[in-house]
Amino acid sequence: MGCGCLSIGIQSCGTVPITDRRQLKLIPESKLNAQAAAIYEKVKKKAKLSNDTKALNKIKDIGKKMENAIAEYFYKSDLPDPTLNFDWEYILIDNKKMKNAWCMPGGKIAVYSGILDITKNDNGLAAVMGHEIAHAVAKHSVERASRSMVFNIGTQIADIASGGKISQANRATGGSIGLLTQIGIFNPFNRKQETEADYLGLIFSSLSGYDIRETVKIWERMQKANKGKEPPEFMSTHPSSSNRIEQINGWLNEVILDYPPIVTS
């Protein structure tokens, strides 16, 4: 089911800000934002939050610059601001083994202390945060949830039509149909989102006044930290580090020229 989008009485398609890629949007964003906020509160209670006030304040400062730059960019471009209903919030989780960060729908951001060994500086941290914020700005969670819903309904219908043969085959093969589905459908789709977040993240970092050339260095450091243990790209929801580096290098000059630092009022 692509975005040919038959008119079914609801807005089933939209476009990603800036890239204008068509995307399926069946799930209300407000619903996902509310669910994300509730989960975020649980994370804050259960996770070990860092007492490194300096690092947390740095994360908040970078986040605030991005909030303002993104809002100002869409205002000056006379475009709807996709972050208008965001309730931004930032936490730093004390976990040196986790070299990660994420942004839930609605602007709920978490950074793990382990990623700070990779980011090294403000420009590096801005690159990581820009990428995660891009997922939320592009409504990737809405898109994933909508696609999941369509696939689940389609599979159920096909299973009923086949007299339960899909369920029988999946059980008989130890779930291999589910694995093929993951490789053939969901992973390519998610890699597209990851690449889009890389591109939009560069833009948001540049608009916020950070040196996006540091992004390449981050992925080189991540590659070194992983010690070649990345899964094959076709089995991963993320592009490989080497492919990421190549793509980012190809975008740098364009983004620097087309999206210079924006002065916020």
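Strands E3 and E5 (residues 108-112) pair in the parallel sense over five bridges; pairing requires at least two DSSP bridges between two strands. Strands (E, at least two residues) and helices (H or I, at least four residues) are DSSP runs, numbered from the N terminus. The model is predicted: local features need pLDDT of at least 70, side-chain atom pairs count only at pLDDT 80 or more, and totals for chains, interfaces and linings use all residues. Residues are numbered from 1 along each chain as its sequence is written, and side-chain values use heavy atoms, with hydrogens and water left out.

**Sheet and flanking helices**

- E3 and E5 belong to an open sheet of three strands, in the order E3-E5-E4 and with mixed pairing.
- The edge strands are E3 (89-93) and E4, each of which pairs on one side only.
- On average, neighbouring strands of this sheet are turned by 15° against each other, direction ignored; axes are lines fitted to C-alpha atoms, for helices over the stretch in contact, and angles between N-to-C directions run from 0 to 180 degrees.
- Leu92 stands opposite Val111 in E5.
- H1 lies across E3, E4 and E5 and runs at about 35° to E3.
- Helix H2 (residues 53-76) lies across E3 and E5, at about 150° to E3.

**Aromatic pairs**

- Rings of Phe, Tyr and Trp (its six-membered ring) pair if their centres lie within 6.5 Å; planes under 30 degrees apart count as stacked, over 60 as edge-to-face and the rest as tilted.
- By this rule the count comes to five aromatic pairs.
- The Tyr40 and Trp102 rings form an edge-to-face pair, because their planes stand at 85°, with the centres 6.0 Å apart.
- This pair links distant parts of the chain, 62 residues apart: Tyr40 is in helix H1 (residues 29-46) and Trp102 in strand E4 (residues 101-104).
- Tyr40 is buried at a relative accessible area of 0%, and Trp102 is buried at 18%; buried means under 20%, exposed over 50% and partly exposed in between (1.4 Å probe, protein chains only).
- Tyr73, Phe74 and Tyr259 form one aromatic cluster.

**Surroundings of His140**

- His140 lies in helix H5 (residues 140-161) and is buried, with 0% relative accessibility.
- Its side chain makes polar contacts with the side chains of His135 (2.9 Å) and Glu196 (2.8 Å).
- A polar contact is a pair of N or O atoms within 3.5 Å; within protein, one must be able to donate a hydrogen and the other to accept it, and residues adjacent in sequence count only if both atoms are side-chain atoms.
- Not counting residues up to four places away in sequence, His140 touches Arg21, His135, Gln193, Glu196 and Ala197, where contact means heavy atoms within 4.5 Å.
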